[in-house]
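Welcome! Please take a moment to look over the sequence and the 3D view before reading on.

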Amino acid sequence: MQSITLEKLLCERANQNFSDYQIQAHRNWRQLLNIQLESIEDRANQAFIEGLENIKDLIQDIPSINHLSGFLQEEIGWQLWPVIGLLEADKFFYLLSHRYFPVVTFVRSNTDINFSPFPDLWHDIFGHIPLLFSQTYSNFLQYLGYQYVTVENANRKDIKQNIARLFWYTIEAGVCYEKGKLRVYGATQLSSIEEIKYALSDRPIRYPFKLEEVINFPVEDDRVQDRLFEIPSFEYLRVIQDDFDSYLKS
Ligand SMILES: [Fe+2]
């Protein structure tokens, strides 16, 4: 198997062409922003709210990926990597390990405003980027990327699946306690009005986070998440990282 390099991935790097965005795409973006700024109140975790302040002015309309990437690089040492659609897991995690966050260039259609089964620019930017300003989150993300690349090279399919599940039940669909209240830090919920309300309602089944259970729990990523794992605080991601490290060494 040929190993991935940034140079090899360059051919899969997309160009964000603003003329591709129809008027409706700009409308959808602004509608998503208006809705979600309201629905994150008392639902999103504090690190997200604080991180969002840093990029709020840059995302009032469909943002320039290059411009936002330059800003992030200067502020926190992360860059954006535009792609046309979902990347294969090995490429995705490789980019994370090098502090590149892949972002899909298209914006969802107006029929998917409340919930989109696929990530789009809105999900990738609004759901993930504010939290990159948290060192706990950004270290954890890079750590998962690094471990995936390491086990990829060792051809450990079982561990790769463990990492993908760990990523899902934290970065994509994570809920945490903050001052005794349940808050959302998962990007699928932060970027979807339907998901954020559902996650904190009494409808999903929420389990206390146990690493062994999470890494063996199947993922169904094309529907609203009705199985969630709660962590006692957002900072607990550091504990998960240490525990996963011990698991890998055991
Ligand atoms: Fe995501």
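This is a predicted model: local features need pLDDT of at least 70, side-chain atom pairs count only at pLDDT 80 or more; totals for chains, interfaces and linings use all residues.

The protein chain contains twelve helices and six strands. Its radius of gyration is 17 Å, close to the 18 Å that the globule rule gives for 250 residues, so the chain is as compact as a globular protein of that length. Along the principal axes, the C-alpha atoms fill a box of roughly 55 × 45 × 30 Å.

How much of the chain is buried? Of the 250 residues, 37% count as buried. Contacts also reach along the sequence: among those between residues at least 6 apart, 64% join residues at least 24 apart.

Now for the inside. The largest nonpolar core has 60 residues, and V103, L144 and L190 touch the most other members. Leaving aside neighbours within four places in sequence, V103 is in contact with I65, L80, W81, P82, V83, L121, D124 and I125.

Finally, let us turn to the sheet. Four strands form an open sheet in the order β4-β3-β6-β5, with mixed pairing. Its edge strands are β4 and β5, each of which pairs on one side only. On average, neighbouring strands of this sheet are turned by 35° against each other, direction ignored. Strands β3 and β6 pair in the parallel sense over three bridges, and the bridge partner of V175 in β6 is E230.

| β4 | residues 181-184 |

Terms used: Residues are numbered from 1 along each chain as its sequence is written. Helices (H or I, at least four residues) and strands (E, at least two) are DSSP runs, numbered from the N terminus. The radius of gyration is taken over C-alpha atoms; the globule rule is 2.2 Å times the number of residues to the power 0.38. A residue is buried if 20 or more other C-beta atoms lie within 10 Å of its own, exposed if 12 or fewer, and partly exposed in between; C-beta atoms are placed from the backbone. Two residues are in contact if their C-beta atoms, placed from the backbone, lie within 7 Å. A nonpolar core is a set of buried Ala, Val, Leu, Ile, Met, Phe, Trp, Tyr and Cys residues joined through C-beta atoms within 7 Å. Two strands pair if DSSP finds at least two bridges between them. Axes are lines fitted to C-alpha atoms, for helices over the stretch in contact, and angles run from 0 to 180 degrees between N-to-C directions.
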